[in-house]
Amino acid sequence: MTPAPLRMVIVDDHAVVRRGVRALLETQPGWEVAAEATTGREAVEVVKRLRPDVVVMDLSLPELNGLEATRQIVKESPDTEVLVLTMHHSEQLARDVLQAGARGYVMKSDADQSLIAAVESRRQHSPFLTSTVTEFVLDDYIRRGELREDAPRDPITPREREVIQLLAEGNSNKETASVLGVSVKTIEAHRANIMRKLRLRSVTDLVRYAIRNKIAQP
């Protein structure tokens, strides 16, 4: 029996990476790259419209980082599997990826050897971690869960994380409001709440917080 066609979306802000990933994936019979996206926000909109089977997601993205985009995609399109393809490697980052809802993690340096197998695993709804990511991360996450009752709660809401990234990337309150489709007063209220919650005193403090917590890239 012939497997159903596999529809994918590639998300990366570098055109050369998208071309390379597309060329590799489309060597497989029945695999189709339905769309590409260059920002996390664009990726969420594309997934809402196309409902692909698999999203190959970079983490370092403008406007909305890959972790936040993954959280929104998992919520908006539960049947879409997210596979993170990144140049960054750490056990904590792997945990963050799992917490965001992705169940696949591949290093870009391993893409030639691992990407096809990773996509096939996600197609079958099986988790896949690249060989350079320790397997215990997944075992530990599944066994204990990332959000235990006694675990500290993130004081920042998903919307506030979006605001933090846009402000940290140098957008004004007006530009941030335009991107998010809300009023400037709403952004000002979010900004005031963020500064109060995190006890920040300046935009510089906000940028440092965003980079330290992988909300925005340096």
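Predicted model: local features only at pLDDT ≥ 70, side-chain atom pairs only at ≥ 80, totals over all residues.
Let me start at one specific spot: Gly-104 stands opposite Phe-128 in strand 6. Those two residues belong to a pairing between strand 5, residues 104-107, and strand 6, where two bridges join the strands and they run parallel.

Counting everything up, the protein chain has ten helices and six strands.

A few overall numbers, quickly. The protein chain has 218 residues, and 45% of them count as buried. If you take contacts between residues at least 6 apart in sequence, 63% of them join residues at least 24 apart.

Okay, on to strand 1, residues 6-11. This strand is mostly covered, with five of its six residues buried. On one pairing, strand 1 goes with strand 2, residues 31-37, in the parallel sense over six bridges. If you want a pair to click on, Arg-7 has Glu-32 in strand 2 as its bridge partner. To get from strand 1 to strand 2 the chain passes through helix 1, residues 15-25, and this β-α-β crossover is right-handed. Strand 1 also runs parallel to strand 3, residues 54-57, and four bridges join them. There, Val-11 stands opposite Met-57 in strand 3.

How many cavities of 30 Å³ or more does a search of the whole structure find? One. The space in this largest cavity is about 30 Å³. Val-11 and Met-57 both line the largest cavity, and the rest of the lining is Ile-10, Asp-12, Val-17, Val-21, Val-56, Asp-58, Leu-85 and Lys-108. Strand 1, helix 1 and strand 3 are the elements that give two or more residues to that lining.

Helix 3 gives the most, with five residues.

Next, helix 4, residues 91-100. Seven of its ten residues are buried, so the helix is largely enclosed by the rest of the structure. If you'd like to color them, the buried ones are Leu-93, Ala-94, Arg-95, Asp-96, Val-97, Leu-98 and Ala-100. Notice that Arg-95 and Asp-96 are on that list. Why might one look at spacing in a list like this? An α-helix has 3.6 residues a turn, so residues three or four places apart point the same way. Just after helix 4, Gly-101 takes a positive phi of about 115 degrees.

Speaking of positive phi, two residues other than glycine also deserve a look. Arg-51 is not a glycine, yet has a positive phi of about 50 degrees. Arg-51 lies in the loop between helix 2 (40-50) and strand 3. Is Arg-51 buried, exposed or partly exposed? Its relative accessibility is 41%, so Arg-51 counts as partly exposed.

The other is His-125, with a positive phi near 60 degrees. You'll find His-125 in the loop between helix 5 and strand 6 (128-129). His-125 counts as exposed because its relative accessibility is 55%, and the cut-off for exposed is over 50%.

That loop takes us back toward where I began. Ser-121 lies in helix 5, residues 111-123. At 18% relative accessibility, Ser-121 counts as buried, because buried means under 20%. Leaving out residues up to four places away in sequence, Ser-121 touches Ser-126, Pro-127 and Phe-128. And Phe-128 is the residue in strand 6 that Gly-104 stands opposite, which is where we came in. Happy to take comments.

Technical notes
Residues numbered from 1 in each chain as written. Heavy atoms only, no water. Buried < 20%, exposed > 50% of the residue type's maximum accessible area, 1.4 Å probe, protein only. Contact = heavy atoms within 4.5 Å. Pairing = 2+ DSSP bridges. Right-handed = clockwise from strand over helix to strand, strands pointing away. 1 Å grid on protein atoms, 1.4 Å probe; cavity = no way out; pocket = protein on both sides within 12 Å on 5 of 7 lines; lining within 4 Å. Points joined across faces, edges and corners; volume = space filled by probe spheres on them.
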